[in-house]
Amino acid sequence: MNSAYFGATRSDVFGNIAVQSPASFSSFAPQVLNLYATQPLQEKLDLYITVGTIGDGNGGAQFASVLSQHGYDYTFAERNEGHSWGQWRGLIDSMLIELVGPTPVFDADLNEDGVVNAADQALWRAGAGKAAGAIHFDGDADGDRDVDGADFLLWQRQLGATADAATLAVPEPASGTIIGCCCCAAGVAKKLAKRRAMRAR
């Protein structure tokens with residue numbers, strides 16, 4: 001629940017929050033849930049919660065319920081795993097893509113490999129009928145959090161579409177990062193120029 005706490009208290013810094021297997025048994029958990037339930041909606045906050053179906057407690061469901069009641073933008077991903085690396089590792093890719101990108105060029109490219117093909121249809125078939133909390137990898141092509149005929153129709157329309165990997169939209173680095181890189185480059189260039197000048201003497 002640490003990341004959830006950071007999101008609740010410093011959403012100006014931590015806008016994209018991943019919460020894997022939130023621990024409902026922790027004495028800290030009620031305090032965190034209370035923050036989301038009582039403070040004004042943090043509109044810029046985007047949360048991704050993962051839980052396992054095998055002995056992973058009900059902390060994730062409780063957290064998702066609070067977020068839903070108070071209008072937060074969140075994804076709730078449940079997998080047939082336990083409180084283990086099998087669950088966490090298996091959802092890291094989709095979690096990072098959901099929170100920070102890249103965004104697929106084609107909505108029906110469900111496995112996000114740059115091609116809309118039978119592999120994407122297989123994902124749609126596996127997730128068909130999921131009524132809530134669906135993510136792209138579940139078969140939710142149109143982004144409405146369920147997997148239904150509308151998603152299949154989108155897959156049919158885009159079947160065969162391909163995209164060069166270079167056209168995938170990758171998030172731009174923060175301006176602070178860019179400025180930092182420029183400063184480092186300028187510093188290196190200055191040192192090199194100084195060394196050349198000393199050698200020329």
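Student: Is the crossing of α1 and α2 left-handed or right-handed?

Tutor: Left-handed, meaning the near helix is turned anticlockwise from the far one by less than a right angle. This is a predicted model, where local features need pLDDT of at least 70, side-chain atom pairs need 80 or more, and totals for chains, interfaces and linings use all residues. Residues are numbered from 1 along each chain, and side-chain values use heavy atoms, without hydrogens or water.

Student: OK, at what angle do α1 and α2 pack?

Tutor: About 30 degrees, with the axes (lines fitted to C-alpha atoms over the stretch in contact, angles 0 to 180 degrees between N-to-C directions) 10 Å apart. Helix α1 covers residues 2-9 and α2 covers 29-38, as DSSP runs of H or I, at least four residues. That makes α1 roughly parallel (under 35 degrees) to α2.

Student: Which residues of α1 meet α2?

Tutor: A4, Y5, G7, A8 and T9, and they meet V32, L35 and Y36 of α2; contact is heavy atoms within 4.5 Å.

Student: And which α2 residues are buried?

Tutor: A29, V32, L33 and Y36, with buried meaning under 20% relative accessible area. Down the α2 axis they fall within an arc of 95 degrees, so they line one face. Their cover includes α1, β2 (46-54) and α3 (59-69). On the other side of α2, P30 and T38 are exposed, or over 50%.

Student: New topic: how do the axes of α5 and α6 cross?

Tutor: At roughly 175 degrees, coming within 11 Å. That makes α5 roughly antiparallel (over 145 degrees) to α6.

Student: Which residues in α5 meet α6?

Tutor: A118, D120, Q121 and W124 in α5 meet D151, F152 and W155 in α6.

Conventions: Helix = DSSP H or I, 4+ residues; strand = E, 2+ residues; numbered from the N terminus. Parallel < 35°, antiparallel > 145°, perpendicular 65-115°, else oblique. Buried < 20%, exposed > 50% of the residue type's maximum accessible area, 1.4 Å probe, protein only. Arc of directions from axis to C-beta.
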